[in-house]
Amino acid sequence: MGSTQEFFVQNWYLIVAALVSGGLLALPTLRRGAQGGGVSPAEAVRLINREKAVVVDVCEPSEYAAGHVVGARSVPLDTLEKAGKELPSNKTLPLVVVCASGARANKAAAMLRQRGHENVQVLAGGMRAWREANLPVEASKA
């Protein structure tokens, strides 16, 4: 047997331990990729403050009225394809797409990219994550 083969045979448990630990380290990244990624509430605030990102809330009107990111534009998902003035005409401007939990926002982000918007980000965790981060929320009349 060659020295490489002997090493693997004699140290198989170390190799397995290295593979398992590497897999566990990669797991959060793989999960984030499967969920479509997204930006954290802190990163969204940075985009809004430093890069003048526009927040697009794709919740239903009643959800939007109950509470939304301060300054967010309400564009319900089912009206997104027909949206005009609600979306910025400058397609290079960053957009942060928000919904209640993040599920609808991923679909909306794909639609916005198809419409030519270059920098579309999803708020990971949606309004739930925004509230958990104790960031400002405003309510409006339905």
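This is a predicted model: local features need pLDDT of at least 70, side-chain atom pairs count only at pLDDT 80 or more; totals for chains, interfaces and linings use all residues.
**View 1. The whole chain, element by element.** You'll find 6 helices and 6 strands in this chain. Walk along the sequence and they turn up as α-α-α-β-α-β-β-β-α-β-α-β.

**View 2. How far the chain stretches.** The C-alpha trace covers about 75 × 30 × 30 Å along its principal axes. The radius of gyration is 21 Å, while a compact globule of 142 residues would come out near 14 Å.

View 3. Of the 142 residues in the chain, 32% are buried. As for contacts with a separation of 6 or more, 68% are between residues 24 or more positions apart.

**View 4. The charges.** The chain carries 16 positive and 12 negative charges, and their mean positions sit 4 Å apart.

View 5. Lys52 sits in the loop that links α3 (41-51) and β1 (54-57). Its phi is positive, about 60°, even though Lys52 is not a glycine. Lys52 counts as exposed because its relative accessibility is 57%, and the cut-off for exposed is over 50%.

**View 6. A close look at Asn134.** Here the loop runs between α6 (126-132) and β6 (137-138), and Asn134 is part of it. Asn134 is another residue other than glycine with a positive phi, near 55°. With 69% relative accessibility, Asn134 counts as exposed.

Notes:
Residues are numbered from 1 along each chain as its sequence is written. Side-chain values use heavy atoms; hydrogens and water are left out. Helices (H or I, at least four residues) and strands (E, at least two) are DSSP runs, numbered from the N terminus. The radius of gyration is taken over C-alpha atoms; the globule rule is 2.2 Å times the number of residues to the power 0.38. Buried means under 20% relative accessible area, exposed over 50%, partly exposed in between (1.4 Å probe, protein chains only). Contact means heavy atoms within 4.5 Å. Lys and Arg count as positive and Asp and Glu as negative; His and the chain ends are not counted. The place of a charge is taken as NZ of Lys, CZ of Arg, CG of Asp or CD of Glu.
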